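Thanks for coming, everyone. Let me put today's structure on the screen, and then we'll walk through it.

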Amino acid sequence: MARRISEQNRRMSRRNQSGIRRGFALNIGTIIFGILFIYIAASVVILMSANHIASYRVTSGPLAKNQTYTGLAIRSERVVTTDTSGYVTYYAAENSKVKKKGVIFGISSQQLIASDEELDEKTLRNVKDQIISFTGGFDQSDFYETYSLKYQIEGTILNTALGDLTDMDLSNSFTVNGQTVNISDSEGIVLYSTDGYENVDISNFDGDLLDEKAYSFTALKTTDRVNAGDPVYKLVNSEDWSLIIPLTAKQIAKLDTVDRIKVKFLKDGATETAAFTIFTDEDGSYYGKLDFSTGLIRYIGSRFLRVELVTNTQTGLKIPVSSVTEKEFYTVPSEYMTYGGDSNDSGFMKMTTNPESGQEEAVFIKTTIYDEENNLCYIDSDDFSVGDIIVKPDSNSDRFIVRETASLEGVYNINKGYAIFRRVEMIERNEDYILVKEGTNYGINEFDNIVLDSSKVKESQITAS
């Protein structure tokens, strides 16, 4: 009986100990969870109530993007008609240059049937080179250009068969095997379309001509029979060409004194320099005329071209207007500046009283010189105070009393997590941004982080960045 009671007591004791342990573990977990909850809640409250400083990453480039325009291309163009009726075979590739007496097209009373005559090695090699050159730069979106290749190959074959016509005394056409072959009376670039803009110049220009939606053209290549007097091709016989662009009053004010300007073609990124003039049409609207003497062949197939006038040529560091602030500096004549000891540290000799001897002596004070202009050094007000006496190097007689101040423009750099004043020198500005010089002493660099709104920060203030 006694043993049974003892066993029961031991069991109760174990249950009590187990219960205590479980309760203790639960209390520790609750306490830890509570601490974490309080920490997180406090962090959220602090974060939400903190005065966060917005930053801006410095970029490099022009102050603003250059203006882009859609221009109308005008050229010296002549539409050529056929003197006879029949079926046309085109030999000159579209948008290609032809020399004087170069073969353009042939016309016959019946459609030509392909010949099974073999080509000689030279002609075959020329044809292969043309195909390889074409396939190397082929874009499926420009499939229509395969027809130009076809006509180019046909022209190569015909020219080989006819031989060199340059030194022959030929009229504008001659007959070979029943086909009247037409040759060019001058060198130029061949086009197989008309659009009604062939005779446009500034004397008859109308602003409605710049409406791309209303633009249309007529393709001249055809397999149908043509009649005498029908247009067959167009020849551009001068390397001089122009673009006409519309101008607003604001653009006119900016371009009024410009006579030559750099033009970037958005189609391929190439640039040309153009002579520039401003004119008006009958309605009094203003337009710009860009005159070129090169680059015609690249854009001969386009009546309208998107261009960028490169007027914003100055580059630098681009910063928001709101980032700029001013800081007061003491100004000291540059002749008082010196270098300390064996180092290259700049500074000034400041007169102080030796606490041991009570004698006056000059002590070198290392100083950050933020700017130097008009023979004055701009020094930080933390290094000196009003009334301090500075002496010239190696002279105790020439003295300067610190008192004059002047301000410099700058921004607050926050790369290190606190606001540091950095000087900026403005090149130009607009309503939102300022372009400043690169490489300024104690200035900023590309990709630096600066305070977006300088009015919300004090120098040396710790920031959230």
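**A first walk through the fold**

The protein chain has four helices and 30 strands. Helices (H or I, at least four residues) and strands (E, at least two) are DSSP runs, numbered from the N terminus. This is a predicted model: local features need pLDDT of at least 70, side-chain atom pairs count only at pLDDT 80 or more, and totals for chains, interfaces and linings use all residues. Residue numbers start from 1 along each chain as its sequence is written, and side-chain values use heavy atoms, with hydrogens and water left out.

Some totals. The chain has 465 residues, and 37% of them count as buried. Buried means under 20% relative accessible area, exposed over 50%, partly exposed in between (1.4 Å probe, protein chains only). Now contacts, meaning heavy atoms within 4.5 Å. Take those between residues at least 6 apart in sequence: 71% join residues at least 24 apart.

On to the inside. A nonpolar core is a set of buried Ala, Val, Leu, Ile, Met, Phe, Trp, Tyr and Cys residues joined through side-chain atoms within 4.5 Å. The largest one has 25 residues. Trp241, Leu243, Val263, Phe265, Leu290, Phe292 and Leu309 touch the most other members. Several elements give two or more residues, among them strand E12 (231-246), helix H4 (249-255) and strand E16 (304-310). E12 gives the largest share, four residues. Look at Leu309. Beyond its neighbours within four places in sequence, its contacts include Tyr69, Ile245, Leu255, Val263 and Leu290. There is also a second, separate core of 14 residues, including Ile107, Tyr192, Val226 and Tyr233.

Last stop: Ser108, in strand E6 (residues 103-108). Is Ser108 buried or exposed? Buried, because its relative accessibility is 7%. Leaving aside neighbours within four places in sequence, Ser108 is in contact with Gly86, Tyr87, Gly178 and Gln179. A polar atom of the Ser108 side chain also lies 2.5 Å from the backbone oxygen of Gln110.

That's the tour. Over to you.

How values were computed:
A polar contact is a pair of N or O atoms within 3.5 Å; within protein, one must be able to donate a hydrogen and the other to accept it, and residues adjacent in sequence count only if both atoms are side-chain atoms.
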